[in-house]
Amino acid sequence: MNLSTRWLAVLGASAALALGAAPSALADTGTAAASTSTGAAATSGTDTTPSPAQADSIAARFGIEASLAHGALARAINPGDYQCASTDLDAYVGSLINGFSDTEWNFLIRHTEMLDIPTYDALLHGSDTDPRYALRPDYRQSLTQTFRDVKRFWDINSSDIELHAMHGSVMQDPERVARVYREVYGLSPTAAAARAQDVANAVSTGFDGGDNPLFTLNAFAFTAQGDPDPLVQGVPDKLIFGDGILDALQAMGIGDVGPRAVMGHEFGHHVQYEDNLFDSPLTGAEATRRTELMADAFGTYFATHARGLALNTKRVLQVEKSFYEVGDCYYTDPGHHGTPNQRLRASTWAADVANAARPQGKILPSLTFADMFEKELPAIVAPDAG
Ligand SMILES: [Zn+2]
C-alpha cells in the first residue's frame, strides 16, 4: 500500500498553508532551536525538513507499505480536497489529532517524518530478540500464534522471517532517531543529532512519550532479497506490526479478527517474495493492483481455511470490507490497489476456494493457488455491472 505522490504533495501544500496561518509555530522555542541548528549546516543542502514527497519515495525505496497516517493526516488537514466518504479510520485519526495541543500540532507539521521514524528504525535495526521491539503484551500471544500458523500453512521457506513490533517510544532515544536521520534522510551527523534531540524533547512533554498511535499506524512485510541498496544488506525478512495499527483496529471495532487478517495479507506478500510472484506483464498501478489483490486472496484463504485460522467466513469478509473501504480512501488512483469491490471479490473468491477444500482439509500449494488467482483476476477486476 504505497501512497501516491499526489496525496503527499497535497499534504505538503496543506502543511505549508497551515504553517502560514499559525504564526505561533514560529515562536515555538523547540522548533526555533531546530531551525537554528539545522540552518547552521544548511549549505550542505541535505538537512532541510524531509518533504512529504520524499516520504513517498523513501517508502518505495524500501518496497514497503507507507504509513496510513500520511493520508489520514492529509485528509484531516484539508478534508475538502478528498472525494471519499469519511471512514472509521478518519474518525479515529481525527480524534488523535484533536487530542494534540497547539504545541504538539505545530511541532508535528514541521516534523512529519515522525510518522515514519519508528518504521525505519524498526525496519533497519529492530529484531525479534531485542526486547525494545517486542510485540505489545495485549496482542503478543495472538500475533505470535497466528505467525506460527501462517508459516506452517504456506509451503514457502519462512523460517528466516522475523516478526516484531515498532513502538513510537523510540523517539525518546536521540541516538536511534539520529541514526534514522543520517541513514534514511541523509542528514549530516550534526544536523541529525540536533533534530533527534528536538524530537526527543517534544516527546518528553507530549505525544504520549511517542506512543501516540499516529506514529505507528502501519503493518508491513519487508525483504531485502534482490535489493542492491547497501542500507538494507543483512536486514532479515520481516513482518512488522505497529502498536498504532492495533489501536486503530480496536477503535474500528475489529480488534478481534482485524490484526490476524492484516497478518494474513502481509504474509501473503512474503509468499509473493519467495515464489517470485511480483513479475507480470502488467506495469504501474495495474501491477500494484494485481499484487495487492493477490495478497488479499492469500490472506483470506489462510484466514478462512479449516487448517488455517478457520475463522468465520462472514466475519472475515465483514472485517476486510471495512478495511478495504478505508484503503480506497487513501489513493487518488482507484486502480492502484483495487477498489473496495475488487478487493472484496478477491477475498470472497479466496474464501470460496478455502471452503470448497473443507472436506479434505487440503491446503493448496502456494503456486497452484497463485495460478488459480491469475485465472480469476480478469473477473475480479472486471468493471462492476451498473
Ligand atoms: Zn499489501
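**The sheet and its surroundings**

Guide: Let us begin with a helix. Helix H13 is largely enclosed by the rest of the structure, because 16 of its 18 residues are buried. Directly after H13 comes Asn 276, with a positive phi near 55 degrees.

The model is a predicted one. Its chain contains 17 helices and three strands. Of its 386 residues, 47% count as buried. Among contacts in the chain with a separation of 6 or more, 80% are made by residues 24 or more positions apart.

We may now turn to the sheet that you asked about. The sheet is open, has three strands in the order S1-S3-S2, and shows mixed pairing. Its edge strands are S1, residues 162–166, and S2, residues 219–222, each of which pairs on one side only. On average, neighbouring strands of this sheet are turned by 20 degrees against each other, with direction ignored. In general, the strands of a sheet pair through backbone hydrogen bonds, and they do so either parallel or antiparallel.

Both kinds of pairing are found here. S1 and S3 run parallel and are joined by five bridges. Within this pairing, Ala 165 stands opposite Phe 241 of S3. On the other hand, S2 and S3, the latter formed by residues 238–242, run antiparallel and are joined by four bridges. In that pairing, Phe 220 has Ile 240 of S3 as its bridge partner.

Five of its five residues are buried, so to speak of the strand as mostly covered is to follow the count. In a regular strand, side chains alternate between the two faces of the sheet. Both faces of S3 are covered: on one side lie the buried residues Lys 238, Ile 240 and Gly 242, and on the other the buried residues Leu 239 and Phe 241. Helix H12, residues 243–251, lies across S1, S2 and S3 and runs at about 55 degrees to S3.

In soluble globular proteins, nonpolar side chains tend to be buried together. The largest nonpolar core of this model has 97 residues, and those with the most contacts inside it are Val 177, Ile 240 and Ala 297. Helix H14, residues 284–304, gives the largest share of this core, namely eight residues. As for Ala 297, it touches Ala 346, Ser 347, Trp 349, Ala 350 and Phe 373, if residues up to four places away in sequence are left aside.

Val 177 leads us to another helix. Helix H10, residues 174–183, has as its buried residues Val 177, Ala 178, Val 180 and Tyr 181. These residues are on the same side of H10, because they cover an arc of only 155 degrees around the axis. An α-helix has 3.6 residues a turn, so residues three or four places apart point the same way. The buried residues of H10 pack against helix H8, residues 117–125, and helix H11, residues 189–205.

There remain the loops. Gln 233 is placed in the loop between S2 and S3. This residue counts as exposed, because it has 9 C-beta neighbours inside 10 Å. In sequence Gln 233 is 109 residues from Leu 124, while in space the two are 9.4 Å apart, C-alpha to C-alpha.

Asp 208 is found in the loop between H11 and S2. It has a positive phi of about 50 degrees, although it is not a glycine. Because 15 C-beta neighbours lie inside 10 Å, Asp 208 counts as partly exposed. A further loop, between H14 and helix H15 (313–328), holds Ala 310. Ala 310 is not a glycine either, yet its phi is positive at about 55 degrees. With 15 other C-beta atoms within 10 Å, Ala 310 is partly exposed.

Conventions
Residues numbered from 1 in each chain as written. Predicted model: local features only at pLDDT ≥ 70, side-chain atom pairs only at ≥ 80, totals over all residues. Pairing = 2+ DSSP bridges. Helix = DSSP H or I, 4+ residues; strand = E, 2+ residues; numbered from the N terminus. Axes fitted to C-alpha atoms, helices over the stretch in contact; angles between N-to-C directions. Contact = placed C-beta atoms within 7 Å. Core = buried A, V, L, I, M, F, W, Y, C linked by C-beta atoms within 7 Å. Buried ≥ 20, exposed ≤ 12 C-beta atoms within 10 Å, placed from the backbone. Arc of directions from axis to C-beta.
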